[in-house]
Number of protein chains: 2
Amino acid sequence: MRDSKVRPRYQRIKEFIYRGIKGHTYPPDSQIPAEIELARMFKVSRMTANRAVRELVNEGILVRHQGLGTFVADIQAESPLLEIRNIADEVRARQHIYSNELRLLQKEQASAEVAARLGVAKGSPVFHSLILHKENGVPIQIEDRYVDAAIAHGYLEQDFSRITPNQYLSELFPLSEIEHIIEAVLPDRQVHELLKIDPNEPCLLVNRRTWSDGRLISYARLIHPGSRYRLSSRSARF
Amino acid sequence: MRDSKVRPRYQRIKEFIYRGIKGHTYPPDSQIPAEIELARMFKVSRMTANRAVRELVNEGILVRHQGLGTFVADIQAESPLLEIRNIADEVRARQHIYSNELRLLQKEQASAEVAARLGVAKGSPVFHSLILHKENGVPIQIEDRYVDAAIAHGYLEQDFSRITPNQYLSELFPLSEIEHIIEAVLPDRQVHELLKIDPNEPCLLVNRRTWSDGRLISYARLIHPGSRYRLSSRSARF
DNA sequence: TTCCCGTAATTGTATATACAATTATATACA
DNA sequence: TGTATATAATTGTATATACAATTACGGGAA
């Protein structure tokens with residue numbers, strides 16, 4: 001019941017500002033309320049408002065000028081490197097047949113590693129799904145995903161053969177921030193058996209974490225055979 | 001005059017910890033002094049020490065466990081994909097020592113593959129450089145780069161131990177567009193010898209093409225050992 | 001032995017307060 | 001009119017303090 005637990009006050013202020021930016025209450029370059037004003041609005045001390053704003057500045061979402069105020073950064077120029085794509089759509093866009101196998105869907109207690117990645121306490125309940133995605137019947141991705149059970153209550157009841165976890169989550173929690181960490185690894189036994197590849201074939205491991213309104217929603221390990229998959233991106237910058 | 005101005009106290013504490021990590025006073029996974037102890041050491045309040053440590057946690061340098069203490073994160077090299085950053089700066093930002101070896105710098109006739117990637121006719125003159133980048137003396141990237149000789153006339157005359165090709169090119173041709181294609185591959189003989197890795201260790205191969213004002217400037221294959229390098233990107237979106 | 005509980009150590013959050021630094025703007029003065 | 005000065009608004013840093021939450025560990029009970 002982590003969700004019933006109050007989120008920190010500075011976090012609520014951050015979420016208020018996130019929403020304000022997303023909802024165009026605070027368009028790019030516009031000024032947001034001063035610390036003292038935020039403190040009044042949320043009935044907190046100025047230091048608490050200060051922490052909220054300072055963290056948003058560190059995230060590159062706001063910029064501050066002493067004596068002047070705090071403004072929404074013009075971040076629109078930055079186009080995301082890796083689109084968060086729906087693998088099913090991606091396969092279909094290539095005119096191929098998409099299918100998947102749900103290999104696992106259960107509630108677990110977070111291991112130390114998962115807890116650290118997901119920002120929850122070790123042992124707290126998380127939902128864990130493992131889906132094998134296929135293109136024309138050939139495995140192309142293992143999606144190994146963890147979601148904070150306190151956030152995504154209905155996760156276990158979804159039919160993931162019809163809707164990907166990605167789709168389900170992004171409807172409930174619109175994406176506000178995304179992190180990718182990419183590695184090249186050799187497959188362990190489970191991976192090479194699932195992907196039907198040679199134990200010596202290198203794999204691309206994409207660690208993806210997604211946030212909604214500053215809240216960490218989900219951590220996924222996406223594993224692709226090096227021979228059948230490439231990540232690409234092309235972006236213009238101004 | 002900037003330096004004569006006193007740095008904030010929390011900043012001094014951060015620098016102390018940075019140095020402690022760099023100088024192996026605090027090796028990976030070791031515990032750093034508790035907030036209260038840092039506060040005593042620097043004669044500041046606990047909140048000031050808290051700010052220093054909290055910022056280092058946000059930077060991924062430290063990890064904290066409530067009730068246990070604060071520990072040096074096992075930092076692996078990570079490079080942001082969104083920014084086309086200079087690998088030398090990247091290494092130095094981690095407080096490590098950057099060095100490189102220029103293994104090749106010559107004019108060639110474009111092979112079929114290079115010609116295709118670079119958008120020139122097969123056999124047309126291209127400059128080819130191969131640089132081995134090192135962090136603390138350990139190889140972390142092979143930069144294998146091709147540039148259209150008709151565009152970057154002075155390429156062969158550069159001193160690439162002082163300025164990376166990236167720096168040189170981006171000064172002449174400001175970046176307007178960038179493409180990345182990422183693969184996981186096994187190293188061929190030259191690669192595993194240069195990077196000093198096992199022939200079975202997977203590598204991250206980043207194929208990067210850059211444009212300036214719509215003109216394709218350069219094609220680079222950046223090869224990293226999977227064990228020593230990761231690519232990361234994080235972006236906010238609204 | 002095994003389990004439960006209290007305690008110490010440590011981090012996490014929050015407050016009220018203070019003063020410094022920066023910037024724009026209004027005001028007074030030559 | 002033009003210039004120097006005071007002032008208000010705002011952020012930047014720092015302190016002392018408080019209590020909550022988490023974890024390891026040791027001591028005692030079953």
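Which residues come nearest to DNA strand C? The views below, taken from a predicted model, take up this question and then turn to the nonpolar core.

**View 1. The protein residues around DNA strand C.** There are 26 residues around DNA strand C, and those that come nearest are Arg9(A), Thr48(A) and Gln66(A), together with Arg46(B) and Arg64(B). Of the atoms of DNA strand C that come within 4 Å of the protein, 62% belong to sugar and phosphate.

View 2. For Arg51(A), an N or O atom in the side chain is 3.0 Å from a phosphate oxygen of DNA strand C.

**View 3. The helices and strands that face DNA strand C.** At least two residues of the surface near DNA strand C come from each of α1 (9-22) and α3 (46-58) in chain A, and from each of α3 (46-58), β2 (62-65) and β3 (69-72) in chain B. With 4 residues, α3(A) gives the most to this surface.

**View 4. The largest nonpolar core.** This core has 19 residues, and those with the most contacts inside it include Ile182(A) and Leu204(A) from one chain, and Ile87(B), Ile182(B), Leu204(B) and Leu231(B) from the other. Two or more residues are given by each of several elements, among them β7 (177-185) of chain A and β8 (177-185) of chain B, while α4(B) gives the most, with 3 residues.

Conventions. Residues numbered from 1 in each chain as written. Chains lettered and ligands numbered in written order. Predicted model: local features only at pLDDT ≥ 70, side-chain atom pairs only at ≥ 80, totals over all residues. Heavy atoms only, no water. Near = heavy atom within 4 Å. Polar contact = N/O pair within 3.5 Å; in protein donor to acceptor, adjacent residues only side chain to side chain. Core = buried A, V, L, I, M, F, W, Y, C linked by side-chain atoms within 4.5 Å. Buried < 20%, exposed > 50% of the residue type's maximum accessible area, 1.4 Å probe, protein only.
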